[in-house]
Amino acid sequence: MRMSVELDVFVGNTTIMDEEVYQFWLDGYTVNDAVKVRMEGGVLEECEASAEVLHSDTMDQYRTFQMCERLLHSPAKLANQLLFQIPPHRQAMLIERYYAFDGVFVREVLGKKLSKGTKKDLDDVSAKTGVTLKSCRRQFDNFKRVFKVVEELKGPLVENIRQHFLLSDQLARNYAAIVFFANNRFETGKKKLHYLTFQDFAFCAGQLISYWTVGAVDNMVEDMDVDLEKQFLQDLKELKILITDKDLLDQHKSLVCTALRGKTKVFNEMETNFKNLSRGLVNIAVKLTNTKDVRDFFIDLVEKFIEPCRSDKWTAGDMRLFLTHYTNSAHILDTFKHQVLWDRYMGVIKSCILKMYHD
Amino acid sequence: MPGKLKAKIVAGRHLPVMDRASDLTDAFVEVKFGNTTFKTDVFPKSLNPQWNSEWFKFEVDDEDLQDEPLQITVLDHDTYSANDAIGKVYIDIDPLLCSEAATRICGWFPIYDTIHGIRGEINVLVKVDLFNDLNSFRQSSCGVKFFCTTSIPRCYRAALVHGFVEELVVNEDPEYQWIDRIRTPRASNEARQRLISLMSGELQRKIGLKVLEMGGNAVVGYLQCFDLEGESGLVVRAIGTACTLDKLTPGTAPNTNTHSNTAPASNALSKDYSRARVCVRVREFPFFTLTCFPPGFLVHVGGVVSARSVKLLDRIHNPDEPETRDAWWEEIRQEIKSHAKALGCHAVVGYSESTSICEEVCILSASGTAAMLNPRFMREGCLDAGGSDHRFEDASPPSCGFCHIPYDEFNMPFPAQLTYCYRCRRQKVPDVLFTTIDLPAEAAVTGKGCLIQARLCRTKKKAQGEVNATAISNLLPFMEYELHTQLMNKLKLRSMNALFGLRIQISVGENMLLGLASATGVYLSALPAPGGIQVAGKTPSDLNYDQHIATMQKRINDTITKNKELYNIHPPESTEELVGSPIPDRQRSRLFRSTSESSDELLELDLSHGKKDAFVLEIDDTDAVEDIQSLLTDAPMPAGFYSCNTEVMPGIYNWTSGLQMFTSVRVYRLSNANLTNQGLNKIFTELCENLLKSLYFKLRSMIPCCLCHVNFTVAVPEEELIQMGAVRLNCVCVCGCVFVCLFVSGSGENEDQLQFSMELCADSTPSNNQPTSKPSGTPHQPEMSENSLNFNFPELSLRTTACKPRCSPLPEGRSRSLRSTRSMPCGAPVAVVKMTPLSFLPGTRIVKYLGIINMFFIRETTSLREEGGVSGFLHCFIAEVFAMVRAHVAALGGNAVVSYSMKECVFMENPNKNQAQCLINVSGDAVIFVRESEQEATPPLMSSGQISSTGADGTT
């Protein structure tokens, strides 16, 4: 005699959700896979349940999450919808987890255009990263959704994301970085950049947003945090004098060398390489008016500065020392008039390089 | 023209996109009451329209006010074609007709469509101005309060209990009218929803009239059901208990710990109740739908009385004269009455009625508990002198009085084993007691209680008409007998001697009958200890056989010992000697039952197993072996769980305010034509056990906790689809239950650790964290009745959110800065509304009853697969029903529904056509509660211009 369960639902007045199962759902596990993993996790012994019970529970939860997904697309709705009674702290958990992403996945799409084409390639990304296709799609759609919404909003980027999607500050900052990278199409996929983590890039994005965008000057315009300030990029051309004027270059070099003598083991290498390094940094600044060069910003930093230093075996300490004195010495140069511009440029460059320089 | 109904449509939000081209909607609203319709302007191109309409005024009779719902339809305006309906909201305005209930209805309601489900929300404001009308011939009964709660509502005092009221209305089911062939499913569903809403209103009005006639002002324990008789029509019927209730002014509310297991905390309360008088009229049925009584009300309990009758349905010819249906019920009630009389009782308490329909066959059932009510509370000459009055002279201790037999010892209606009461030693008590009521507050209990279920399947031949009805009525006595035996055995196995809240459901299907009996077992200290169970082979022949029996016996004994430990049942041994003679083990029943088929023939079965030693289980055939097997295979509850089907868990007194109400539905399909009784029984038992296991697993994060008011419903729906070969049988298990988390101080199970501190003064705020220390006795001592409880609050915070009726809409223009909306986030957080099938919320005090919630919904889909199959469809629908109940309660200004129940859940599917349909009927009482810690604080002012909601924490 056979008996099959045709229909099996459980609905609580307060919606019951298991965080562990939610994670399986987010990770794109099928119900059967989730049941398997849960069984191995030992929930069964805990409550003398059977695999059947576990399956039924998992199905219930999956259905609940599926019904909630529509609301999670505009998290503000979750708070004033009437269908599910979910305590506020649970709502926050649902949202935060839904918008969380995998570091390996985001590295693959960072700086890429969030277009249909990119979405089509997600199966390759899935195969490469081991993140399920379903999860990849959710993460990609999240990026795209956040991008679309904040694209047309005025005001600070991080704050907009935080308020519109009710995310934690940290997660909102990460999304700001993703949006910023997608908007400026920074190249991050080159082999030379593979060693950098998403967090490295997110930090750099934070620096660029804070100091180089329109928002750094005026905080009530559209796209203020997404686009680099045009005038600033134009002004950066003025820095060219630091490498074109031979006197200035020599003077700068001697000032830095005086300050560093005896304080670093790589002094000789630094002294020999100074002009090349300085040229590299200033050239990056000068070329930033071209969109193409903006895209190559990170690759340039690595090629022109980080790699030479690494081959000379600089430590992070050496790097910090050099960049500090390299920046400060320029102030003492009597013929150099662009102190404010120089600080705005070098402040960001310094912190980016320090973040990107892994010993 | 005694009333003016006013409605205002404020705004909408989250509307669906109706115009694919613009991704927006041009919404407007039609407001209809009776035959009058008003319209708002069209609010163009918005998903969050702000109509902010004028007041629409309807001048109507109060009769209509009671019958009709206010119907709000949201539509999408279309210049060139017909306007598309987005959805509807039906608002029952009955709560506004009573001065003590809600004053206005105001809030966000889900817009519901029977095909698409919830589609956005609408903010509505409704008020009623009533003019006094002293016309004595009036047809309305405005002002009569209705309560689903089966006890005297918490903030009222019963001045007079008038007795039983019943009414029934019938109509043609729109689903079966000829017009249904040409109209859309949506129109048909809406016609049905509207009709049932109208019929419920009419029914309530008619019952109200009866109450007014009796001189009462309220109906308590209002139980409304509807029977979908298919071709032959639609019956809506209701029963209740008419009362005159006095509102207790908040300042003098005597009992704050209104648990029914807490005893009266002060004399003030018992005095109040002793003034209550009960008027039972001789000609009427002395029935009470209450299950919980004021102290002193219940004198003796005789036992369960039940009656069933099998009827053949025929078309109701004249809906205005539903004589046949009335006559059927009248017949059954007469039987119940005579059964009660046979038990020496003059009243029936915990009374309820139900039906089970399969095609043209209908089983009508009624059951209750025969009881003696205190004659001092009665009006003179109101009662038949059923019991001999001498018994009432000597006041028996309140904690055991109800156990004493009401019938004459020397003229017993059935063979029973009587002993002197184990508490007072003066009166006789039976050895086992079965009842349909809740455990009386004053009852002394040893150990803890638990849920006991008896499950049974019986196959029957598929037949038609009279033959079928006869077959069913022939089966019924055997089913009752077996269910009863099962209950008795399971009770003994748990070493308990009484059942409370007994509910036996018998459902009929095409080729089987299902019986499910649920009750809460308990060890009453006043009753003798149950003996063990002895297994005996009928013909002990060979050694193997004897050995087999010996093992069986050992297993049973071990289980009993284990259960005693588990339920903490350690009755004082010494008492038995005081009685003088050992109690012979004898099984006997207090279950009276009769089955009749269109006849007055009364069949009374003696359910005792004769004069022999009835505790002996004879395993002379495979049936008996199966019985014992099933007895022993009941899975034990996981540690930390308790369960019962009554309001409170006997033996557990420390509750937290954590609460989780849930509904679980399962449909099984059996695919084999060769069904045997045994095989079916096994499957059915397995199915119930699995469901329970699933519940335990789901709720594991809440332990230690108790599943209270667990309510199982089974059905064997008729099969619409005929598939080749295999017989397909559906079996639905609906279970609307509550889950109350309780905090057991300490982790141990022994009595010392379960002790609780006492509060002596019930008027004061319980000082939760510094209990007035006066160590209580162990829970089974009589002093217990003077204890009130000390509640443990894990948290005491109360969040009060006031949201504006007009919430700021979502920013429509995309480019608007979010900063500007920051101060007014789109829509304030939704107020938390708790739901529970209990009549109270642990750790809280109900300060106001806002009116009855009685809602009926139909949902249909033609894209079953796309909605996630049957489970996805039903999951969504149940969630939607919860949402609509919560919204209505919140709009009335309430923050909880008590005595909530899902009366009906009918599910039909046709997977081949990708279709499914479901009907759900829910009811309950909308209330405002405050946490006990807050009781000094003023209750939230609901009459202010805000939808204020006293949201408690939504955490579980």
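Me: Which residues of helix α9 (residues 122-129) of chain A are buried, and why do they count as being on the same side?
Reply: This is a predicted model, where local features need pLDDT of at least 70 and side-chain atom pairs count only at pLDDT 80 or more, while totals for chains, interfaces and linings use all residues. Residues are numbered from 1 along each chain as its sequence is written. Buried means under 20% relative accessible area (1.4 Å probe, protein chains only), and helices are DSSP runs of H or I with at least four residues. Because they cover an arc of only 100° around the axis, judged by directions from the axis to the C-beta atoms, one side of α9(A) holds A:L122, A:V125, A:S126 and A:T129.

Me: What sits on the face of α9(A) turned away from the buried side?
Reply: That face carries exposed residues, exposed being over 50% relative accessible area. They are A:D124, A:A127 and A:K128.

Me: How much area is buried between domain 1 and domain 2 of chain B?
Reply: The domain assignment, automatic or from a database, gives domain 1 (1-132) and domain 2 (144-248). Buried area is the accessible area (1.4 Å probe) that two parts lose on being put together, summed over both. Carbon and sulfur atoms give 44% of it, and the total is about 1,500 Å².

Me: How many salt bridges are there between domain 1 and domain 2 of chain B?
Reply: A salt bridge here is a side-chain nitrogen of Lys or Arg within 4 Å of a carboxyl oxygen of Asp or Glu. B:R205 forms one with B:D67, with the closest N and O atoms 2.9 Å apart. The count between the two domains is four.

Note on methods
Chains are lettered from A and ligands numbered from 1 in the order in which they are written. Side-chain values use heavy atoms; hydrogens and water are left out. Helices (H or I, at least four residues) and strands (E, at least two) are DSSP runs, numbered from the N terminus.
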